[in-house]
Amino acid sequence: MEVSDRIPESANARGRASGPRKAPASAGRERRSLLYPGLIVVVIITQIPFLLTIYLSLQSWNIIRPDLGRRFVGLGNYTREIFSAEFGTILVQTLGLAAMSLALCSLIGLGLALLLNRDFFAKGLVQTLLVTPFFIMPTVTGLIWKNELFSPNFGLVTWFAGLVGLESFNPMAQYPLIMVSTMVAWQWEPLFMLVLLAGLSAIPEEEKEAARLDGCGRMGVFRHIELPHLLPYYRMVILLGSIFILQVFGEIYVGTAGGPGTSSMNLQYLTFQTGLVGWQVGAASAIGVATLVITIAILTTLLRTMNAVVREGA
Amino acid sequence: MSSVPAQTKEKSPTPWGHYLQNAVLYLAVVVIFGPIFWLIVTGFKTDAAAYTLPPQILFTPTLEQYVSALQSFRGPFFNSLVIVGASTIICLLLGIPAAFALSFYANPRNESIVFWFITTKALPLAAVLTPLFVIFRYLRLLDTPWALIIVFTGMNTPIVVWMMYQFMKDLPKEILEAAQVDGVRLWQMLFQIVIPLTRAGIASTAMLCVIFAWNEFLFSVSFTAIEWQPLSVAVAAQQSARGQFWAQLSAFTTLAIIVPVIVGWLTQKQLVRGLTSGAIK
């Protein structure tokens, strides 16, 4: 709080240029006194540590081996950790996991939104129940998959698979990455459904009516009216979903622990594993920096692509 | 004229198509909500019954599992309440005034500041995990509530700014300008006009912060140990320690998800409005 009081004074000189609405000088100061506490706290908590990440990534430092000391190794961590076969594999897994989950969410979310955008019995209850997985802890999702559904001993799905003749059905070990994608899709599908439903219900009824009068069937209405309308909603929800789905962690931690081996790890898990399990602070920081750069590159590309698609669709 | 009723008739799908679509939806409810329902039900079974296959649908419910789960539940639940409660209150105290400043005072940089806030959400947590651990270790904040209160404040304040900015932009400008002309002080304006008018938005924003903080796991498992572990970490710990007591684990897990699920149910409509209103177009 003391910080926030001082900053407006020191920054007062710039206040005149920012063009406030009424009484210029005091309004600028008032605006800053409201804005700066939040702004400064967020900068300190989210941006400053990243500078330290860059610094630590140039060090060799194992926290539980103080005898080895902490020394400067330049880009050594990067050459060893980032340009390795393991990192490449895990990067591909991170992308594959996100792509599979987003595809499932986009399709299931759309299907459910189309089905919900009607009047029918118990609509509110159905929607509420379908939204519920979004509010469940990721660790609980992992637990439901690992124990309740796919446990080799007492899992419901395993039991059902045995009934239809599938022996030694253990997908959590056999297809761990696909199973993690299904967990993520289960968890995030409600967001896609709700946002797409908001998009569908914003379409004026007359437009659909006009399309029908022009002889469009159900598919035609979807193709020519609903889908173009939904594109901006898709852009928003895919971007939002990617931000979170690229850094899935709890589902993996409980569901598969990244394994077998490293076959269901993503970059977030690798950072945790290296830093908080292996205590290699320098190596984990280098992986963290690489993860950040890669994530920003992916999100920027995604946004550019989707902007192009939305422009074309409009 | 006779074609008009025929056209409107075509508009509503045939009853059969309608019922078929309903059936698909009800099936989706079974598949999507079923696992949660079954988790709750399993908590009412004895351990032997929980493992019986084919799964028992009719059984004599027992409260035994919930009662014994409560023993280990109280500690982490209290931790979650303290951490989530404190971080949410701080987020609102920081975020609401910031959103008010950004929505009320005309300034060419406002839009980009709001956008900057939201870009902080795009930064992967992995990028700050190790330095935060090193800082908290140095400050001796590991396994205290403060470490998580601090990181959740950093994580959720941008969400408050973003959502409250959307809600406040929709307020009628005339009221605020009239108050300003009348010489109403700034903080009075915030507390007496803006906050009462955006109460619903504040409630849903706070609930979203509660859900995110309650369910967060990476930072929680990294910065807490036995003393201050919140529920998300406790679930993972119980899973590995008591995996063989499936009925009791189900009861514990059910208790752990009650708060975010109920909060989520209450806020689902507002949540979508807050998220989409600014992002479309």
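View 1. Over residues 1-23 of chain A, pLDDT stays under 50; pLDDT is the predictor's confidence in each residue, from 0 to 100. For this stretch the model has 33 contacts beyond four places in sequence, a contact being two residues whose C-beta atoms, placed from the backbone, lie within 7 Å. This is a predicted model, in which local features need pLDDT of at least 70 and side-chain atom pairs count only at pLDDT 80 or more, while totals for chains, interfaces and linings use all residues. Residues are numbered from 1 along each chain as its sequence is written, and chains are lettered from A and ligands numbered from 1 in the order in which they are written.

View 2. Let's step back to the whole chain. Chain A has 15 helices and 2 strands, which are DSSP runs numbered from the N terminus (helices: H or I, at least four residues; strands: E, at least two).

**View 3. Where chain A meets chain B.** Here 79 residues of chain A are in contact with 80 residues of chain B. On the chain A side, helix H3 (residues 24-56) of chain A gives the most, with 17 residues. By class, that side has 54 nonpolar, 18 polar and 7 charged residues. Ala, Val, Leu, Ile, Met, Phe, Trp, Tyr, Cys and Pro count as nonpolar, Asp, Glu, Lys and Arg as charged, and the others, Gly among them, as polar.

**View 4. A close look at Val151(B).** You can find Val151(B) in helix H7 (residues 145-169) of chain B. Is Val151(B) buried or exposed? Val151(B) counts as buried because it has 27 C-beta neighbours inside 10 Å; the cut-offs are 20 or more other C-beta atoms within 10 Å for buried, 12 or fewer for exposed, and in between for partly exposed, with C-beta atoms placed from the backbone. Leaving aside neighbours within four places in sequence, Val151(B) is in contact with Ile45(A), Leu132(B) and Phe219(B). From Val151(B) to Phe223(B) there are 72 residues in sequence and 10.0 Å in space, C-alpha to C-alpha.
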